[in-house]
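I opened the file to look up a few local features. These are my notes, in the order I went.

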Amino acid sequence: MKILLTIHEKFEPNSGAAGSIVKLGKEYQKLGHEVHYFSMNDLPKKMHRLVKRVLFPEFVANRIASITGLDVVDASTGDIWFWVKVGQKFSSNRPLLVTRSHGLEHLLHEQLLQDARMGKSRLSWKYPLYRGSIYLSEIATSLKRADLVYLLNQQEREYVVNNLGLKTQNIRVVANGIPETFLNLPLEPLSKNQNDTIQIAQIGTYIPRKGIEYGSPAINSILLKYPHVKMTFLGTECRECPGVEPVYADFDPAVRDRITVIPRYSHEALPSLLRGHQIKLFPTLSEGFSLSLIEAMACGLAPITTAHPAALETVRDGYDAIVVPLRDRASLERAIERAIGDRNFLESLRQNAHATAQQYSWNHIARQSLSVYQQQLQAKQNQEVNR
């Protein structure tokens, strides 16, 4: 098959959503398929990033029309609305149209509104002009007009069926995967000495959506109480908080020498960077599917995570993770204390988390996706013949 993968982000292999597209495409190629990519990297460099975001679907439509014999367009949410409304009317190309969620924007929108109502954050006056209105409508069009929709969890599925009117037969819930190099890594045993160092890692950009308002105060309190605990933040860098200073500023000066901040890292280095860590803190408020959660588990870390959909469909509280309510600093702090205070329990969580992570493989997920492509292509061809 000839497949076009699109994503309205910079094509960065070390990022979450774009990185997953890179890995999926590589698996498709290994299985003998021709793969084309289209991302923000393919737009004019001098164009402003906001203009790129708005016009990206128009560029996608042009790219679809330019590839002869295209079988499948697998696009991130919102990327194909212009093609289905305008582009395909003027093209002979009729590929299978797939919309793939990397975290449903409508659910994130509701989280943002909830935080604003609670006084936890302020939405820019610009937000309702596009991101909170037109953009959501474009995404809804892409979802409704797609031949096939890949979602990351059951909450997303329920939302698009109940709120957007999608047909259940066109929807598949498919997880993301982890590279083969992350599978079957050795699990380093945990020291039984209560005074030996415990290291906690948090992976992801240091932004409000990742729950830093709740996670950082909890960690600050733990570090003040327990001098044998250390903290590492990985991949913190983002437009809103360039560099490492904003991270350190949220912590008491007395504990900053036990905090390590790594703004950027190469993805393949993650197992090495996590070596010696035992706990992954994941206080996020909204997540479709978390690669960092599975990858940390594969590296032998026990997750302490909020009860977001990605976690609830991946881990079990008390078995391979500790799951706490959203926006609950006190529960996060209690969970960390429980883990560092009971090393037998922590070791059990680590072993079970490590075993759970072995179920995820990009090769398996790629084969799943390709099988569904083929089924849908056949069904589409049968419909065209019968018209």
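**Model.** I am working with a predicted model.

**Helix α1.** I began with α1, residues 17-30. I get 20 Å from its first C-alpha to its last, close to the 20 Å expected for 14 residues at 1.5 Å a residue. Eleven of the 14 residues are buried, so I note α1 as largely enclosed by the rest of the structure. Among the buried ones are Ala-17, Ile-21, Leu-24, Glu-27 and Tyr-28. Just after α1, I found Gly-32 with a positive phi of about 95°.

**A pair within α1.** Glu-27 and Lys-30 form a salt bridge, with their closest N and O atoms 3.3 Å apart. Both are in α1, three residues apart, which I log as about one turn of the helix. I then checked how each one is covered. Glu-27 has a relative accessible area of 7%, and because the limit for buried is under 20%, Glu-27 counts as buried. Lys-30, at 62%, counts as exposed.

**Nonpolar cores.** Which residues have the most contacts inside the largest nonpolar core? I find Tyr-28, Leu-274 and Tyr-373, in a core of 50 residues. Helix α14 gives the most to this core, with seven residues. Apart from it I see another core, of 33 residues, including Phe-233, Ile-259, Val-324 and Leu-349. I also listed the contacts of Tyr-373, leaving out residues up to four places away in sequence. Among them are Met-1, Ile-3, Tyr-28, Val-72, Leu-96 and Leu-148, along with the charged residues Asp-74 and Arg-100.

**Other salt bridges.** My count comes to ten salt bridges. Lys-2 and Glu-34 meet at 4.0 Å, N to O. That pair links distant parts of the chain, with Lys-2 in strand β1 (residues 2-6) and Glu-34 in strand β2 (residues 34-38), 32 residues apart. Glu-34 is partly exposed, at 39% relative accessible area.

Glu-237 and Arg-264 meet at 3.8 Å, N to O. Glu-237 is in the loop between β8 and α8 and Arg-264 in the loop between β9 and α9, so this pair ties together parts that are 27 residues apart in sequence. I have Glu-237 as partly exposed, at 33%, and Arg-264 as exposed, at 54%.

I also noted a network of salt bridges that links Lys-225, Arg-329, Glu-333 and Glu-337.

**Surface patch.** Val-51, Val-54 and Leu-55 form a nonpolar patch on the surface, and together I get about 190 Å² of accessible area. Val-54 is in helix α2, residues 49-66. With a relative accessible area of 34%, Val-54 is partly exposed.

**Two loop residues.** Is His-228 buried or exposed? I find it buried, with a relative accessible area of 17%. His-228 sits in the loop between α7 (212-225) and β8 (229-234). Leaving aside neighbours within four places in sequence, I list Gln-194, Asn-195, Asp-196, Thr-197, Ile-198 and Arg-343 as contacts of His-228.

Gln-359 is in the loop between α13 (343-357) and α14 (362-386). I have Gln-359 as exposed, with a relative accessible area of 58%. From Gln-359 to Phe-345 I get 22 Å, C-alpha to C-alpha, for 14 residues of sequence separation.

Key
Residues are numbered from 1 along each chain as its sequence is written. This is a predicted model: local features need pLDDT of at least 70, side-chain atom pairs count only at pLDDT 80 or more; totals for chains, interfaces and linings use all residues. Side-chain values use heavy atoms; hydrogens and water are left out. Patches are made of residues with over 30% relative accessible area and no salt bridge: like charges are joined within 9 Å, nonpolar side chains (Val, Leu, Ile, Met, Phe, Trp, Tyr) within 5 Å. Accessible areas come from the Shrake-Rupley method with a 1.4 Å probe; for residues, only the protein chains shown count as cover. A salt bridge is a side-chain nitrogen of Lys or Arg within 4 Å of a carboxyl oxygen of Asp or Glu. Helices (H or I, at least four residues) and strands (E, at least two) are DSSP runs, numbered from the N terminus. Buried means under 20% relative accessible area, exposed over 50%, partly exposed in between (1.4 Å probe, protein chains only). A nonpolar core is a set of buried Ala, Val, Leu, Ile, Met, Phe, Trp, Tyr and Cys residues joined through side-chain atoms within 4.5 Å. Contact means heavy atoms within 4.5 Å. The expected span of a helix is 1.5 Å times one less than its number of residues.
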